[in-house]
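Keep the structure open while you read.

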Amino acid sequence: MIESTEQLEALLMHRSLSDPELVAATERAPDYRILPEATVIKIGGQSMIDRGRSAIWPIVEEIAAARKHHQMLIGTGAGTRARHIYSIAAGLGLPAGMLSQLGASVADQNAAMLGQLLARYGIPLVSGAALSSVPLALSEIHAVIFSGMPPYGLWMRPAPEGVIPPYRTDAGCYLVAEQFGCKQMIYVKDEDGLYTANPKTSPEAKFIPKISIDEMKAAGLQDSILEFPVLDLIQSARHVREVQVVNGLKPGNLTRALAGEHVGTIITAR
């Protein structure tokens with residue numbers, strides 16, 4: 001065990017940053033949760049925002065009411081417009097990093113629209129350096145809005161195959177939850193949660209209320225509701241070891257999930 005910060009500092013000064021003893025020492029260092037009372041909510045791009053007024057206005061009203069009792073960081077997905085731009089960029093032979101920038105521009109547009117709808121409640125849109133104002137906004141207003149695409153840009157990690165950025169808005173919102181040490185991560189989609197198959201095309205698909213990541217992978221469901229890399233991020237996380245997927249088209253689901261109810265599907269690290 002590391003007995004003091006001086007010992008850890010000595011290892012950092014004299015060892016390679018990949019040295020096994022140093023890595024083990026940092027693993028034993030205690031974690032500090034920066035925003036332990038906050039919940040990250042990801043509003044789906046294709047599943048929610050692309051549906052327009054009928055889907056978004058009820059969610060706006062639910063968020064406005066929930067902020068009286070909950071601290072929320074609200075991330076936006078990109079959706080169909082990003083898929084269209086990915087298809088053009090991939091056809092032009094552009095790399096994953098460029099596709100990441102293009103996809104981020106669409107998530108930014110969705111964040112801007114949601115920001116305008118929630119402006120009357122004083123809920124600000126934050127990005128880049130403005131993330132430093134998040135604690136103040138959560139303390140005073142209990143909510144902020146951000147674009148869900150992780151800020152990798154041209155430095156996006158290449159995909160194992162193809163050029164579609166592997167870390168997109170599901171991953172970006174999750175990384176915010178994990179790095180800030182938040183208490184919950186809720187994905188707002190247009191389905192009740194995870195199914196054994198696509199419920200839109202398979203009437204026999206069965207709903208799954210709770211499942212581990214290993215069980216998802218064993219059943220071949222690893223890319224059926226969240227971006228595949230998110231599952232690996234959850235398994236290696238220190239703070240947010242489960243996520244919840246709810247149907248935002250059903251009024252009250254988000255409020256219930258914020259209150260800790262088991263609504264939708266819960267996906268756990270183990």
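## The sheet

One term before we start: two strands pair if DSSP finds at least two bridges between them. Keep in mind, too, that this is a predicted model.

With that in hand, look for an open sheet of seven strands, running E3-E2-E1-E4-E8-E9-E7, with mixed pairing. Strand E3 (143-147) and strand E7 (210-212) sit at the edges, each pairing on one side only. On average, neighbouring strands here are turned by 20° against each other, ignoring direction.

Zoom in on strand E4 (residues 184-189) and strand E8 (residues 242-247): these two pair in the parallel sense over four bridges.

## Salt bridges

How many salt bridges does the count come to? The count is 13. Among them is Arg15 with Glu21, whose closest N and O atoms are 2.9 Å apart. Arg15 counts as partly exposed at 34% relative accessibility, and Glu21 is partly exposed at 43%.

Another one joins Arg238 to Asp31, with the closest N and O atoms 2.9 Å apart. Arg238 is in the loop between helix H9 (228-235) and E8, while Asp31 is in the loop between helix H2 (20-28) and E1, so this pair ties together parts 207 residues apart in sequence. Both ends are partly exposed: Arg238 comes in at 36% and Asp31 at 42%.

Then there's Lys250 with Asp192, at 3.0 Å from N to O. Lys250 belongs to the loop between E8 and helix H10 (253-258), and Asp192 to the loop between E4 and strand E5 (194-195); the two are 58 residues apart. Lys250 is partly exposed at 41%, as is Asp192 at 23%. Salt bridges with shared partners also join Arg51, Asp190, Glu191 and Lys200 into one network.

Met13 sits in helix H1 (residues 5-14). Is Met13 buried or exposed? Met13 counts as exposed, because its relative accessibility is 58% and the cut-off for exposed is over 50%.

Conventions
Residues numbered from 1 in each chain as written. Predicted model: local features only at pLDDT ≥ 70, side-chain atom pairs only at ≥ 80, totals over all residues. Heavy atoms only, no water. Buried < 20%, exposed > 50% of the residue type's maximum accessible area, 1.4 Å probe, protein only. Axes fitted to C-alpha atoms, helices over the stretch in contact; angles between N-to-C directions. Salt bridge = Lys/Arg side-chain N within 4 Å of Asp/Glu carboxyl O.
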